[in-house]
Amino acid sequence: MSRVVRRSIVELCEEDHGGDVHRIAEWLANKSPQQVARWIADREQLWSVAGREVIEGAGAVRRDGRVLLLYVDPAARFSGVSRALLEQLELDAFQAGATRISLQSTRTARRFYLEAGYVPVAADSDELVKSMGRMTELTRKTKKPTVG
């Protein structure tokens with residue numbers, strides 16, 4: 001999973017890191033296989049992976065509805081993996097009792113989340129974009145998922 005997350009950041013998020021090796025290194029610093037294993041062991045986080053023979057995407061959401069990450073392998077981009085993962089994370093959070101889903105979006109993924117029904121939160125989120133340079137706060141009320 002760590003490999004997918006790291007490749008996604010390096011290869012797909014150039015709009016966010018601009019190819020700056022220092023920004024990339026900072027972003028990847030906590031994405032080691034050991035750290036990802038610690039995150040998976042955290043019972044407050046619900047994880048989902050997608051792929052047939054190899055992992056093509058991975059995502060995590062807290063039980064309170066906070067999406068922690070959602071990354072797709074560059075080879076699986078635009079294949080529906082991201083959408084399927086997001087829908088699964090939303091379902092998991094809803095089943096855990098969340099009433100809304102929130103996340104921080106990269107510039108790269110912003111359009112994806114807006115198309116999935118997310119909207120920017122209060123004006124203070126604009127300040128986050130300016131101060132961090134790569135994240136935008138988005139939120140969405142959960143709807144009862146349809147199954148089958």
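## Nonpolar cores

A nonpolar core is a set of buried Ala, Val, Leu, Ile, Met, Phe, Trp, Tyr and Cys residues joined through side-chain atoms within 4.5 Å, where buried means under 20% relative accessible area, exposed over 50% and partly exposed in between, with a 1.4 Å probe and protein chains only. In this predicted model, the largest such core has 21 residues, and those with the most contacts inside it are Val 61, Val 67, Leu 70, Val 81, Leu 86, Tyr 113 and Tyr 118. At least two residues of this core come from each of β1 (45-50), β3, α5 (81-95), β4 (100-106) and α6, with α5 giving the largest share, five residues. Another core, of 12 residues, lies apart from it and includes Val 5, Ile 9, Trp 47 and Ala 60.

Helices (H or I, at least four residues) and strands (E, at least two) are DSSP runs, numbered from the N terminus.

## Helix α1

Helix α1 spans residues 2-12, and its buried residues are Ser 2, Val 4, Val 5, Ser 8, Ile 9 and Leu 12. These buried residues pack against α2 (14-17), α3 (21-28), α4 (33-41), β2 (57-62), β3 (67-72) and α6 (107-115), a contact being heavy atoms within 4.5 Å.

## Aromatic pairs

Two aromatic pairs are present in the structure; rings of Phe, Tyr and Trp (its six-membered ring) pair if their centres lie within 6.5 Å, and planes under 30 degrees apart count as stacked, over 60 as edge-to-face and the rest as tilted. Phe 112 and Tyr 113 form an edge-to-face pair, at 5.0 Å centre to centre and 65° between the planes. The rings of Tyr 113 and Tyr 118 have their centres 5.7 Å apart and their planes at 75°, so this pair is also edge-to-face.

## Phe 78

Phe 78, in the loop between β3 and α5, has a positive phi, near 65°, in a residue other than glycine. Its relative accessibility is 76%, so Phe 78 counts as exposed.

## Confidence and conventions

The mean pLDDT (the predictor's confidence in each residue, from 0 to 100) of the protein is 83, and 82% of its residues reach 70 or more. Among the elements, β2 has the highest mean pLDDT (94), whereas helix α7 (residues 124-132) has the lowest (32). Over residues 124-134 pLDDT stays under 50, and the model has 19 contacts beyond four places in sequence for them. Where pLDDT is low, the predicted coordinates should not be read in detail.

Residues are numbered from 1 along each chain as its sequence is written, and side-chain values use heavy atoms, with hydrogens and water left out. Local features need pLDDT of at least 70 and side-chain atom pairs count only at pLDDT 80 or more, while totals for chains, interfaces and linings use all residues.
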